[in-house]
Amino acid sequence: QVQLVESGGDLIQAGGSLTLSCTASGILVNVNAMGWYRQTPGKQRELVAIFTDGDNTNYADSVKGRFTISRDNVPNTVSLQMNSLKPEDTAVYYCNLDMGRSYFRRNYWGQGTQVTVSS
């Protein structure tokens, strides 16, 4: 059974930096993508940054140049370095893992970690 555990959410002032980490436990096979989404009340969950097809990365336009997704030395861990944070970055951040082929393809989500940016 795959589980995603996130950490690093916090309350921080605008302009500050924060790093989120996500570690996947269990056996990972045929990983299609792994990365971060975020959601605010009343809105759909949106992509923030993600690894796809190995080392390809994709970022939301709103975070390009400020956020960086990376793979850590700890196996099955991805981090999100967030710089120059803005109040509009306030959200619950979710780690996502897309794994498997055809019938066995599954999406996994972490429990979410709250990031609050004060102005």
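Begin at Cys 95, which is buried, with a relative accessible area of 0%; buried means under 20% relative accessible area, exposed over 50%, and partly exposed in between (1.4 Å probe, protein chains only). Before you click on, know that this is a predicted model: local features need pLDDT of at least 70, side-chain atom pairs count only at pLDDT 80 or more, and totals for chains, interfaces and linings use all residues. Residues are numbered from 1 along each chain as its sequence is written, and side-chain values use heavy atoms, with hydrogens and water left out.

**Stop one: the disulfide**

Look along the S-S bond and you'll find -80 degrees about it, a left-handed link. The structure holds 1 disulfide.

Side chains of opposite charge can pair when their charged atoms come close. The count of salt bridges here is 6, where a salt bridge is a side-chain nitrogen of Lys or Arg within 4 Å of a carboxyl oxygen of Asp or Glu. Select Glu 46 and Arg 38: their closest N and O atoms are 2.7 Å apart. Is Arg 38 buried or exposed? Arg 38 is buried, at 6%, while Glu 46 is partly exposed at 37%.

**Stop three: out in the open**

Now pick Arg 71 and Asp 55, whose side chains meet in a salt bridge (3.3 Å, N to O). Arg 71 is in strand 7 (residues 67-71) and Asp 55 in the loop between strand 5 (46-52) and strand 6 (56-59), so the bridge ties together parts 16 residues apart in sequence. Asp 55 is exposed at 60%, and Arg 71 is partly exposed at 42%.

**Last stop: back inside**

Finish with Arg 66 and Asp 89, another salt bridge (2.8 Å, N to O). Arg 66 is buried at 10%, and Asp 89 is buried at 0%. Now show Arg 38, Glu 46, Arg 66 and Asp 89 together: a network of salt bridges links them.

Terms used
A disulfide is a pair of cysteine sulfur atoms within 2.5 Å. Helices (H or I, at least four residues) and strands (E, at least two) are DSSP runs, numbered from the N terminus.
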